[in-house]
Amino acid sequence: PQPVFLADYQPPPFLVDTVALTFRLHPGRTQVLSEIRFRPNPAATPGHDLRLDGEGLRLLSASIDGKSLMAQPDATGLTIPAADLPEDGFLWQAEVEIAPEGNTALEGLYMSGGMYCTQCEAEGFRKITYYPDRPDVMARFRVRIESDLPVLLSNGNPVDSGPGWAEWDDPHPKPAYLFALVGGDLVATTDSFTTMDGRNVTLNIWVRHGDEGKTAYAMDALKRSMAWDEQVYGRAYDLDIFNIVAVDDFNMGAMENKGLNIFNSRYVLATPETATDADFASIERIIAHEYFHNWTGNRITCRDWFQLSLKEGLTVFRDQQFMGDMRSHAVKRIEDVLTLRARQFREDAGPLAHPVRPESYVEINNFYTATVYEKGAELIRMLRLLVGEDRYRAALDLYFIRHDGQACTIEDWISVFEEAGGRDLSQFKRWYGQAGTPRIDVTEDWQDGRYTLTLRQHTAPTPGQPLKEPLLIPVALGLMGTDGREILPTQVLELDSPTLRVTFDDLPERPVASVLRGFSAPVILHHKLQSDERALLLAHDTDPFNRFEAGRSLARENLHAMVLQQTTAPDQNFIDALRVLLRDDTLDPAFRALVLRLPEQDDLAASLHEAGHTPDPDMIYDMRRAAQTAIARALEPDLARIAQQMETPGPYDPAARDAGRRALRVQAVTILAHADGGTAAAALFQSAYNMTEQMGAWAALLAIGAGEQEGAEFYRHWAQDRLVLDKWFMAQILHASPDHAVPLTDELSRHARFDWKNPNRFRAVIGALGANPAGFHRSNGTGYQLVADWLLRLDGVNPQAAARNSAVFETWRRLDTNRQSLIRAELQRIAGNPGLSRDMAEMVARMLG
Ligand code: HT7
Ligand code: ZN
């Protein structure tokens, strides 16, 4: 298939005013009747043929202005010659048939557990009917659904319904990717919200019978999101009703269809007994994210899919702000940076690196990536830092006023910042077009009371981009005195050329620089400090992120030294710093839990590679364990005390305070297991009244090779709960020892409950092996083989999910030559498979480079 290029964008030749759809639902033969009012686009050259997208449709009839046509569809749609089209506009009518029950790709109209549902982003609407399926064609939709199912939903407001039918009308013009339909035997949790302009909105969360007791938290999160968007961005909801539907089979997290959000059930359903604190936080974040899309994505959408970050980066940034306001900004920022490094830096460092605004794609579904989402959000965070909070808000107000109802570009976005921020941002815009993570090297000089700091930026080549230009990088800086007092409060330097030198005179002593406070830019910082300087920042930095970062750098440096010199214990001063932290009860427990967590195996592999070494997954696994054992032995009494002290009396409260205490308690027990043989973890497993502690304790046991009895108990208790069963599958593989992970994955993939066509279950089993680095990277290649076999099998039924899971191989070039050749062979085996999907073909071709 040919790539699509950003540079080739042309406005649509025809616009659509209204769409009327009738669905006669049937598992194998759903009829879709469409009536679409087209008119020529004044912004396009006249005289075009009408091209409609359509895939896998059986065309029963078609007409223009009532005159029937003998249209001849091809594999991707149909064309009506310009000569057959009335000049001033026309009514297209068609009747097609589709088979939702056979739709395993979960794109278009499909069935999940007896329920009809849709997923149209990015290009799924063309699997429902013929249409110009592109985001810059925005139209008003009216929908009639005919079915005996009791609940029939679509976008917008309900118009009328009767036995066996329902009609919906969406007054807001929207692109087809926001179309949605649901039909099923569902039950609702209902509530309401009064908007700031006094309108009453009905809120429904629809779930399968039996799940209605698990929706309270999602509803609460929805109401808080609605209030927050009014208070912080001045954005009110704009329909009479807001429906959320939970679906078990879903390729991603959730979808922001106008007025009818469809969610993967794992991001809706929660009780204290079945969901962890992390699950509650994900529900809160994703409910908010989809709701916030109502303005940033739906009212203002993307001109084309290259602009995806326009809605996704912004909406991620908004959900991050919301979560910070709901919980703790410091903890949230640390968590976001950990995710960014684990997912986006990893992507940027390998063959799948691409700009936040890519220049070409073969399959757009392959570009719903950490770069477009998370790095996109970082760009907005930087913009806000550069223009200041007030001007940020003014820029957003201007964006909403100027572009409401439009399909926009990154240029539109940058323009509102240039106008409201009063500055030229053309250099900043490079961030959208340039892939790769910039590296900043910091050097210092201290002479005669003059302190000089030099910052140098460099971005390594990425696929298709051998040369990089200097970026505008905001670097937040503070200076600390050796007594732990702050000498210079935070100021933002603008690094806009390869090198920037700043000097500070009349300082009483050589300071300790705290660079990149708050992680002010998505870069890799190289700043050599002595371990006592890091310890000072860990103990005293006024910036909580850099406090965390000092601890993390200490941990990373210790682990690197252990791996490279094959020593089995970290430095005493690292352990002492952790002890101080553990004993400091003034610190937020959630913060302490984060600092106590050693860098993950993948983080160590990436940082070792960045430092010029070839990471050895086995050695990393062994040394990380050795470090944990040394820490556990040295800090056993402190960890045991914390495990006691952080008990939350109940009843369970998902809010940040108790969640932080549980995080620290589980972290303490996890480390402790390396010294006490799992006694504390086993006790916690038995006494736990919530899933966070139960899962945390079981994982701690699994990580030391124990937990078999607890696993059996867990299964007996939870086998009937599909979301908890995912956890049962996943935890065992994730924490399996290196030599056990592959055989265990193979064994569990034969388990009667391994439903590989369900994306959540696939991720819980096959995805979990990829997330166990030492297990996946067995040097005999069995992990690679097993995953490749499954990817090929999944590709035949669900290309989108298969392609997404294939990114597990993206780090292959940083490995040793033996592992590289084993992975290359698997990628080539996949690439050579006849009938490979476009999704998978693009991914493996990019990975093979
Ligand atoms: N905007 C939504 C993206 C999405 C999606 C994309 C491709 C295939 C399936 C999908 N399901 C949802 C979700 C979001 O970012 O809010
Ligand atoms: Zn989104």
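Domain bounds, as used here, come from an automatic or database domain assignment. The structure is a predicted model.

**Domains and annotations**

The assignment for the protein chain gives domain 1 (4-265), domain 2 (301-433), domain 3 (439-528) and domain 4 (719-849). Between the C-alpha centres of domain 1 and domain 3 the distance is 49 Å.

Two spans carry domain annotations from UniProt. An unreviewed entry lists residues 74-178 as "domain: Aminopeptidase N-like N-terminal". This span, residues 74-178, is 0% helix and 49% strand, with its end C-alpha atoms 25 Å apart. The annotation "domain: Peptidase M1 membrane alanine aminopeptidase", also from an unreviewed entry in UniProt, covers residues 217-431. Residues 217-431 are 55% helix and 9% strand, and 37 Å separates the end C-alpha atoms.

**Strands and sheet**

An open sheet is formed by eight strands in the order β6-β5-β8-β3-β2-β11-β14-β13, with mixed pairing. The edges are taken by β6 (67-68) and β13 (157-162); each has a single partner strand, so one side of each has no neighbour in the sheet. Within this order, strand β2 (residues 14-24) runs parallel to strand β11 (residues 139-146), and seven bridges join them. Phenylalanine 23 faces isoleucine 145 in β11.

A hairpin is built from β16 and β17. Strand β16 (residues 186-194) pairs with strand β17 (residues 200-208) over nine bridges in the antiparallel sense. Aspartate 191 has leucine 203 in β17 as its bridge partner. Five residues lie between the strands of this hairpin, and glycine 198 takes a positive phi near 85°.

**Surroundings of ligand 1**

Which residues come closest to ligand 1? Of the 15 residues around the ligand, the closest are Glu121, Asn251, Met252, Met255 and Tyr368. By type, the shell holds five nonpolar, six polar and four charged residues. Domain 1 (4-265) and domain 2 (301-433) each contribute at least three residues to the shell around ligand 1. Among secondary structure elements, β19 (254-255) and α2 (277-292) each supply at least two.

Glu121 also takes part in a backbone feature: the peptide bond from glutamate 121 to alanine 122 is cis, with omega near 0°. Alanine 122 sits in the loop between β10 (115-119) and β11, the strand that is joined to β2 in parallel.

**Other backbone features**

A further cis peptide bond runs from glycine 650 to proline 651, again with omega near 0°. Proline 651 is placed in the loop between α15 (636-645) and α16 (656-676).

The table sets them side by side.

| Residue | Phi | Loop between | Other C-beta atoms within 10 Å |
|---|---|---|---|
| Aspartate 506 | about 60° | β28 (499-504) and β29 (512-515) | 7 |

Proline 617 belongs to helix α14 (residues 617-634). Why does proline 617 count as buried? The threshold for a buried residue is 20 or more other C-beta atoms within 10 Å, and proline 617 counts as buried because it has 24 C-beta neighbours inside 10 Å. Leaving aside residues up to four places away in sequence, proline 617 touches Gln601, Ala605, Pro773, Ala774 and His777. By contrast, phenylalanine 141 is 53 Å from proline 617, C-alpha to C-alpha, and 476 residues away in sequence.

Helix α22 (residues 759-770) is mostly covered, with 11 of its 12 residues buried. The buried residues of α22 include Pro759, Arg761, Phe762, Ile766 and Leu769. Their cover includes β20 (260-264) along with the helices α20 (722-734), α21 (741-748), α23 (773-776), α24 (782-795) and α25 (799-806).

Definitions and conventions: Residues numbered from 1 in each chain as written. Chains lettered and ligands numbered in written order. Predicted model: local features only at pLDDT ≥ 70, side-chain atom pairs only at ≥ 80, totals over all residues. Helix = DSSP H or I, 4+ residues; strand = E, 2+ residues; numbered from the N terminus. Contact = placed C-beta atoms within 7 Å. Near = placed C-beta within 6 Å. Nonpolar A, V, L, I, M, F, W, Y, C, P; charged D, E, K, R; others polar. UniProt positions renumbered as here; feature names shortened; annotations may be inferred. Pairing = 2+ DSSP bridges.
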